[in-house]
Amino acid sequence: MSEKLIIFDTTLRDGEQSPGASMTKDEKVRIAKILEKMRVDVIEAGFAIASPGDFEAVKAVAEAIKDSTVCSLARALDKDIDRAGEAIKNANSGRIHTFIATSDIHMKMKLKMTPDEVLTQAIHSVKRATKYTNDIEFSPEDAGRSDIDFLCRIIEAAIDAGATTINIPDTVGYNIPHQFGETIRQLIERIPNSDKAIFSAHCHNDLGLAVSNSLSAALNGARQIECTINGLGERAGNTSLEEVVMAIRTRQDVFNFDTNINAEHILAASRLVSSITGFVVQPNKAIVGANAFAHEAGIHQDGVLKHRETYEIMCAEDVGWNSNKLVLGKHSGRNAFKARLGELGVEFDSEATLNDAFAKFKDLADKKHDIFDEDLQALVTETQTEATEVIRLLSLKVCTETGEENTAEVSLSINGEEKSASAKTSGAVDATFHAILSMVNIEPTLQLYSVTNVTQGTDALGEVNVRLEHEGKIVNGQGVDTDIITSSAKAYIHALNKVMAHVERAHPQV
Ligand code: KIV
Ligand code: ZN
């Protein structure tokens, strides 16, 4: 019999810390619902004290989710713990995750505190969290570079104070699998009260070892892994949920534990996170990349056709591939549209937003014969985005001719006022961006521009991602349309709206 390994998803918190990946409250709720459907055990919904918007988002997730535990991050500070406690108050099952750095370099250079002061603050914070919940996680930040004797002391004290999960973060992705596993083993062996808590691994991917380190931790006694969809996260990202879950499921001959995850929703979750954050999944990414189950070499294809297991160790269908069945078409009615989106975890807060999304669906059905779940998700992401925009695209006309410069004429509504401009340059997208920029008073730098198809075929929706940098702030914008110049304009406007709606947010780790 396999033991249970807890899956703690931090896409909405550590994943969101990736530059430009910030999510709105509604987007977080949509992602949380698919995580719940996947049977993720714990959803870290955010860092409640970061801003009023972050607090509201954690609260909304806590209220929307019934089956998973919902968690808020908090530094080891009273004000953070109180805010986190307030945000998770209405959860069916709520957790507070408090942390403080324990490596010499972090204590000395960042916190400017002695180890004894750090220990006292950790104990105080865990005790304070017990006012709000008895599900408390404590993380010694940068544990991967901390002194093991000090880790033993602070973890023993945190468990005595009430911590029920002890998370060991390799914050900077410095560890190597056998070494990280050994750290977990030693901690569990040496800490006298270690049997009173679940040990957890939280790995970053700076050396490409996050999944390996997490598996090594689990082989050495950790019973919770912290991860994100698509491995989203700061720098090189976090442990990828899909990789860790499928490694364990596929190699049950090696692992004597398994997760509760319903893997069939993995691909849908991956696509949702990618379309909301604008972080495109690379084609050769394990499990969820477009090529993950594609066979190019003739010899492989031949082998797979004769007997699938010759070259495939997993079934594509088990993680949601090939399930993008045709769902709706031109003649589908409003109720069928609403019902299908309900199945995808999307609810409308008013008749007006439903009508708006349905009008867009009809528009799309006129241009595109087959409509898949991915199309519906992209359409809803766009509708929800537009609701909060101050700049809106009214019309776009582009003229392109081989060998000639391209002209774009754009009309926008900016704060309700209609404006028009045109530009002529060597490319249609470039001309469109120039025309848009001439109507706003900022000059952001374009850091990334990418186009991907949402489904197959030349009539597919094209999804454009744009990343802009302005005065140190990085934002991502997305746009979808069957015409990729229009998608580009929408993505650019989406990003500009985010630049303009500047919100002060605290980062938990600086
Ligand atoms: O990487 C890290 O150390 C973290 C902590 C806040 C757990 O994300
Ligand atoms: Zn982290």
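**Cavities and the ligand site**

Q: Into how many nonpolar, polar and charged residues does the lining of the largest cavity divide?
A: In this predicted model, local features need pLDDT of at least 70 and side-chain atom pairs count only at pLDDT 80 or more, while totals for chains, interfaces and linings use all residues. Residues are numbered from 1 along each chain as its sequence is written, chains are lettered from A and ligands numbered from 1 in the order written, and side-chain values use heavy atoms, without hydrogens or water. Ala, Val, Leu, Ile, Met, Phe, Trp, Tyr, Cys and Pro count as nonpolar, Asp, Glu, Lys and Arg as charged, and the others, Gly among them, as polar. On that scheme, the lining of the largest cavity has three nonpolar, seven polar and three charged residues.

Q: What is the volume of the largest cavity?
A: A cavity is a set of points, on a 1 Å grid over the protein atoms alone, where a 1.4 Å probe fits but cannot get out, and its lining residues have an atom within 4 Å of a point. Points are joined across faces, edges and corners, and a volume is the space filled by probe spheres set on them. There are two cavities of 30 Å³ or more, and the largest has a volume of about 110 Å³.

Q: Which molecule takes up the space of the largest cavity?
A: A molecule sits in a cavity if more than half of its atoms lie within 2 Å of its grid points. Of the 13 residues lining the largest cavity, R13, E141, P169, H202 and Q509 lie nearest its centre. The space of this cavity is taken by ligand 1.

Q: Which strands each supply at least two residues of the shell around ligand 1?
A: The shell residues, each with a heavy atom within 4 Å of the molecule, include H97, F99, S139 and E141. Strands are DSSP runs of E of at least two residues, numbered from the N terminus. At least two shell residues come from each of β5 (94-101) and β6 (136-141).

Q: How much of the area that ligand 1 exposes when taken alone does the protein bury?
A: Oxygen atoms of ligand 1 lie 3.1 Å from a side-chain N or O atom of D14 and 3.0 Å from one of H204, each a polar contact (a pair of N or O atoms within 3.5 Å). By the Shrake-Rupley method with a 1.4 Å probe, ligand 1 taken alone exposes 260 Å², and the share buried by the protein is 100%.

Q: Which element gives the largest share of the lining of the second largest cavity?
A: The second largest cavity, with a volume of about 80 Å³, is lined by 10 residues, including A378, T381 and E382. Helices are DSSP runs of H or I of at least four residues. The largest share of this lining, four residues, comes from α14.

How values were computed: A polar contact is a pair of N or O atoms within 3.5 Å; within protein, one must be able to donate a hydrogen and the other to accept it, and residues adjacent in sequence count only if both atoms are side-chain atoms. On a 1 Å grid over the protein atoms alone, a cavity is a set of points where a 1.4 Å probe fits but cannot get out, and a pocket is an open set with protein on both sides within 12 Å along at least five of seven lines; lining residues have an atom within 4 Å of a point.
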